[in-house]
Amino acid sequence: MVQHHLTAEVDAVVKQQVAMARLGVGECGTGWQLFAEDGEMRMYRREQEVDGMVVDPLKAVHTVKGITGHEVCHYFFSPQYRYDWETTLEHMNVVETISEDTLVFYQLHKRIWPASQRDVVFWSHIRHLPNDQDRDGPHIWTVVNQSTEHPEYPGCSGKTVRIYLTVCLLCQTIVNPPKDGAPISRNDISCKITYCSVVNPGGWAPASVLRAVYKREYPKFLKRFTAYVINQSKNKPIMF
Ligand SMILES: O=S(=O)(CCO)c1ccc(-c2ccc(C3CCCC3)c([C@@H]3C[C@@H]3c3ccccn3)c2)cc1
């Protein structure tokens, strides 16, 4: 089978991002500051600027009852659900289907005053990995989104600012089998979610504005997305 020109990049970036996501906030160096907490959700960021632009890396950890890593990644990756949970989207389309587990998206995000409107082109890859702590446990699932170029969407349309991002959603399913040997139900499962993201906002925007947008939008996004997966999954068979 002829390899797509992105196949090698996808494999390298996914491996690198999964390794990073697996590092706790303690391990991958100091500098992670907790900026939002809500129940089991903890959001950390590192203050980082590139050419005077805020690109603060973000790492969120969350544990959600009643859903699996496969379900979380399925609803995050699949385009048909995106408008249901991504509230900052004005337009989204699949530019290219590289394979059933690798898509290229174009997204136009709603303008977040006072920043100008942003758009992004990224490849998105979904993969499951053997659980190296528990060989016969459920697999780890991940989705990695990485900005990419595409001839149909040159980044210089003038109206909008092109952003660059790397996102890794890493999910580990935890099963607590019922004592009496009953079949596993949604009360016996939970999902440990790690969400890492670095967004380069493209054109300049005031650091204070961007940090306020991140502080407000990321916790909202993760809570809304996980609530969506719970609601979509609750009356369906468990996807391990
Ligand atoms: O995880 S994903 O791949 C899910 C697929 O959609 C993803 C997440 C976030 C973004 C994103 C794009 C633009 C902007 C800003 C930058 C300056 C002005 C707009 C933001 C800011 C951080 C705030 C934000 C955070 C979370 C959700 C939406 N908004 C985020 C894009 C994709």
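Predicted model: local features only at pLDDT ≥ 70, side-chain atom pairs only at ≥ 80, totals over all residues.
1. Cysteines. The sulfur of Cys-73 has its closest cysteine sulfur in Cys-171, at 3.9 Å. A disulfide needs the two sulfur atoms within 2.5 Å, so this pair is too far apart for a bond. Cys-171 is likewise in no disulfide, the nearest cysteine sulfur being that of Cys-73. The count of disulfides in the model is zero.

2. Burial of the two cysteines. Cys-73 is buried, with a relative accessibility of 0%. Cys-171 is also buried, and its relative accessible area is 0%.

3. Strand β9. This strand covers residues 140-147, and eight of its eight residues are buried, so β9 is largely enclosed by the rest of the structure. Ile-140, Thr-142, Val-144 and Gln-146 point one way, while Trp-141, Val-143, Asn-145 and Ser-147 point the other way. In a regular strand, side chains alternate between the two faces of the sheet. Residues pointing either way from β9 are buried.

4. Neighbours of β9. Strand β8 pairs with β9 in the antiparallel sense, over eight bridges. Within this picture, Leu-129 has Ile-140 of β9 as its bridge partner. Strand β11 (residues 164-175) also runs antiparallel to β9, and six bridges join them. Here Gln-146 has Thr-166 of β11 as its bridge partner.

5. Pro-114. This residue lies in the loop between β7 (102-109) and β8 (118-129). Pro-114 is partly exposed, at 36% relative accessibility. Its C-alpha atom is separated by 9.1 Å from that of Pro-206, a residue 92 positions away along the chain.

Conventions: Residues numbered from 1 in each chain as written. Heavy atoms only, no water. Buried < 20%, exposed > 50% of the residue type's maximum accessible area, 1.4 Å probe, protein only. Helix = DSSP H or I, 4+ residues; strand = E, 2+ residues; numbered from the N terminus. Pairing = 2+ DSSP bridges.
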